Amino acid sequence: MEHVIIGVDPHKLSATIEAVDRQERLLGSGRFTTDRAGYAAMRAYAKAWPDRVWAVEGSNGAGRPLAQRLLEDGERVVDVPAKLAARIRLFDTGHNRKTDARDAHSIAVVAVRTKTLRTLHLDGELEALRMLTDRREALTRRRVQTVDRLQALLAELLPGQAKKDITTGQAKAMLASVRPRDIAGKTRRRIAVEELAELVAVEAKIKKATAELKAIVTERGSHLMDLHGVGPVVAARVLADVGDVTRFADRNRFASWTGTAPLDASSGEQTRHRLSRAGNRRMNHMIHIAAISQIRLDTDGRAYYSRKRAEGKRPLEAIRCLKRRISDAIYRQLLEDARAVDTGPGGHRGASQESSAVDLPPHIDTSDQPLPGPAQPTLRPAPTPRKTDRINTLDATG
């Protein structure tokens, strides 16, 4: 039976497909709507090729709904990064002008030529982690906006008494101490009370989402939260985005994917490296949160950061060294957790060679060079920091 690749250029309301064989010969193409009728027609059209693999572009973005539907229906699906499809389109046409049909062709060709594309599979827990993490991040942004509005109103109601870091209790006390008599002042105070009520509600939702994330991470047998600065949110984002850690050949590949490995910028006799802004930026942000948390607490990470500063590195350079160290520790912990699942008692979930996390493949970044520092650092569990409801402070748990 002929093995067929079906490249899919997904959009919200439509999907354009092109089917090719292993020699990149065109077998069929079409454009279908993404409603039930269009989706059913697309699958019926693809039944002409029983041995088929769907290559969906951007399965972490616009292509996620379609990729999930295909997986639920038992189809084989691989993720094609948009960058690779754009390169093929440029090489094949000599320009980068886009059409849906040309995009579908480029996606199919990428799937034929690239052996390291990740195969997706359904994992309910990882999908729940992704949704809950996205939800908490949205709530956090909403909280920051609410705090900004409340602070502005308090500064007008009580000039000279506004605080940079303020608790909800302090905000309530400040509002209780002011009783404006004019209509503008009364309106301002009423809006401030409403903003404070919204802030309390948002913080309650954030707390609930964090508890759910912690429960799922613990249920999966992950020990990421044993690392300094890695709380439920950071651990959940790592698990959701990484998926199967064995797809990374080594810690350098993992660091390249997280954007914590520098890029080689050597020329001639000069050897140097520069900051990488490639890789998964969400993962890079999570590692940055862990690094700042380690520096704030009395940890091995703070001692390491201090040593780098003493060696003459600037603060940002020292933080980047610490982030690479944390990336290595996360990679080792993920491997240990995967081995523990593989060798655990009967009934436990084994490590899969597929991944439901959808992002850039680990083998397309530009540099594997590690940053200076110990290759095998030991990070011991940190003491639990005292809980606080201070506003506008970085959440040490992620």
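In this predicted model, five strands form an open sheet with mixed pairing. Their order is β3-β2-β1-β4-β5. Strands β3 (26-33) and β5 (77-80) stand at the edges. Each has a single partner strand, so one side of each is left without a neighbour in the sheet. Direction ignored, neighbouring strands are turned against each other by 20 degrees on average.

Both senses of pairing can be followed in the sheet. In general, strands of a sheet pair through backbone hydrogen bonds, either parallel or antiparallel. Strand β1 (residues 4-10) pairs with strand β2 (residues 14-20) in the antiparallel sense. Six bridges connect β1 and β2. Opposite Ile5 stands Val20 of β2. Strands β4 and β5, in contrast, run parallel and are joined by four bridges. Glu57 has Val80 of β5 as its bridge partner.

Helix α1 (residues 36-46) packs on this sheet. The helix touches β1, β2, β3 and β4 (52-57). The direction of α1 makes about 170 degrees with that of β3.

A helix pair was examined next. Helix α9 (residues 251-258) packs against helix α10 (residues 281-296) at an angle of about 100 degrees. Their axes lie 7 Å apart. The angle makes α9 roughly perpendicular to α10, because angles of 65 to 115 degrees count as such. From α9, the contact draws on Phe254, Trp257 and Thr258. From α10, Met283, Asn284 and Ile287 take part. Four residues of this contact are nonpolar and two are polar.

Of its 398 residues, 47% count as buried. The chain exposes about 20,100 Å². Carbon and sulfur atoms supply 52% of that area. Contacts across the sequence were also counted. Among those between residues at least 6 apart in sequence, 66% join residues at least 24 apart.

How values were computed:
Residues are numbered from 1 along each chain as its sequence is written. This is a predicted model: local features need pLDDT of at least 70, side-chain atom pairs count only at pLDDT 80 or more; totals for chains, interfaces and linings use all residues. Side-chain values use heavy atoms; hydrogens and water are left out. Axes are lines fitted to C-alpha atoms, for helices over the stretch in contact, and angles run from 0 to 180 degrees between N-to-C directions. Helices (H or I, at least four residues) and strands (E, at least two) are DSSP runs, numbered from the N terminus. Angles under 35 degrees count as roughly parallel, over 145 as roughly antiparallel, 65 to 115 as roughly perpendicular and the rest as oblique. Contact means heavy atoms within 4.5 Å. Ala, Val, Leu, Ile, Met, Phe, Trp, Tyr, Cys and Pro count as nonpolar, Asp, Glu, Lys and Arg as charged, and the others, Gly among them, as polar. Two strands pair if DSSP finds at least two bridges between them. Buried means under 20% relative accessible area, exposed over 50%, partly exposed in between (1.4 Å probe, protein chains only). Accessible areas come from the Shrake-Rupley method with a 1.4 Å probe; for residues, only the protein chains shown count as cover.
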